[in-house]
Amino acid sequence: MSNIGENIRKLRKKIELTQIEFAKQIGVSQGTLSDIEQGNCNPSIETLMSIHERCRVSIHWLLKGYEEPPTGNSEVFNQSQNDLFNVIRLLPEKAVLEVLEYAKNKVM
């Protein structure tokens, strides 16, 4: 089962930042980020919000390591679709547009 620290470390590595770089971006010290990633402490609400806003990942993903399926009349995504969505959220806008164009060509 994922924990918050593991999820934050996965995210940081996925966006290819060092602890020092990522800590600076989210407003904590490198030591604090290290403690969070190692599971020695939990991030503050402010830190979670900073990661959420800067990296465009959901708080639920940070806490659980997966997205909660949509509720109500929304379509429920399978795991592959959910994984793709989570990866796309980490891409820069230009890459998102490239993926979108590729996907459109695949369905036509």
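**Helix 4 and its surroundings**

Modeller: Let's begin with helix 4, whose buried residues pack against helix 1 (4-14), helix 2 (19-26), helix 5 (59-64) and helix 6 (79-90). A few words need their cut-offs here. Helices (H or I, at least four residues) and strands (E, at least two) are DSSP runs, numbered from the N terminus. Buried means under 20% relative accessible area, exposed means over 50%, and partly exposed is in between, using a 1.4 Å probe and protein chains only. A contact means heavy atoms within 4.5 Å.

Please keep in mind that this is a predicted model, where local features need pLDDT of at least 70 and side-chain atom pairs count only at pLDDT 80 or more, while totals for chains, interfaces and linings use all residues. Residues are numbered from 1 along each chain as its sequence is written, and side-chain values use heavy atoms, with hydrogens and water left out.

Which residues of helix 4 (residues 45-55) are buried? They are Thr47, Leu48, Ser50, Ile51 and Cys55. These residues sit on the same side of helix 4, because they cover an arc of only 160° around the axis; the arc is that of the directions from the helix axis to the C-beta atoms. On the face turned away from the buried side, helix 4 carries the exposed residues Ile45, Glu46 and Glu53.

Now look at Cys55, which has a relative accessible area of 7% and is therefore buried. Cys41, at 31% relative accessibility, counts as partly exposed. As a reminder, a disulfide is a covalent bond between the sulfur atoms of two cysteines. The search asks for a pair of cysteine sulfur atoms within 2.5 Å, and over the whole structure it finds zero disulfides.

Arg56 belongs to the loop between helix 4 and helix 5, and its relative accessible area of 41% makes it partly exposed. Most residues other than glycine have a negative phi. Arg56 has a positive value although it is a residue other than glycine.

Val57 lies in that loop between helix 4 and helix 5 too, but Val57 is buried, at 6% relative accessibility. Leaving out residues up to four places away in sequence, Val57 touches Leu11, Ile51, His52, Leu62, Arg89 and Leu90. Val57 and Leu11 are 46 residues apart along the chain, yet their C-alpha atoms are separated by 9.0 Å.

Leu11 leads us to helix 1, where Ile4, Gly5, Asn7, Ile8, Leu11 and Arg12 are buried. Seen down the axis, these residues fall within an arc of 160°, so they line one face of helix 1. What covers them includes helix 2, helix 3, helix 4, helix 5 and helix 6. Helix 1 is followed by Glu16, whose phi is positive, near 55°. Glu16 is in the loop between helix 1 and helix 2 and counts as exposed, at 69% relative accessibility.

How do helix 1 and helix 3 meet? Their axes come within 7 Å and cross at roughly 120°. Helix 1 is therefore oblique to helix 3: angles under 35 degrees count as roughly parallel, over 145 as roughly antiparallel, 65 to 115 as roughly perpendicular and the rest as oblique. The axes are lines fitted to C-alpha atoms, for helices over the stretch in contact, and angles run from 0 to 180 degrees between N-to-C directions. Gly5, Glu6, Ile8, Arg9 and Arg12 of helix 1 make the contact with Leu33, Ile36 and Glu37 of helix 3.

Glu37, found in helix 3 (residues 30-37), is buried, with a relative accessible area of 4%. The side chain of Glu37 makes a polar contact with the side chain of Arg12 (2.6 Å). A polar contact is a pair of N or O atoms within 3.5 Å; within protein, one must be able to donate a hydrogen and the other to accept it, and residues adjacent in sequence count only if both atoms are side-chain atoms.

Stepping back, the protein has seven helices and zero strands, and buried residues make up 30% of its 108 residues.
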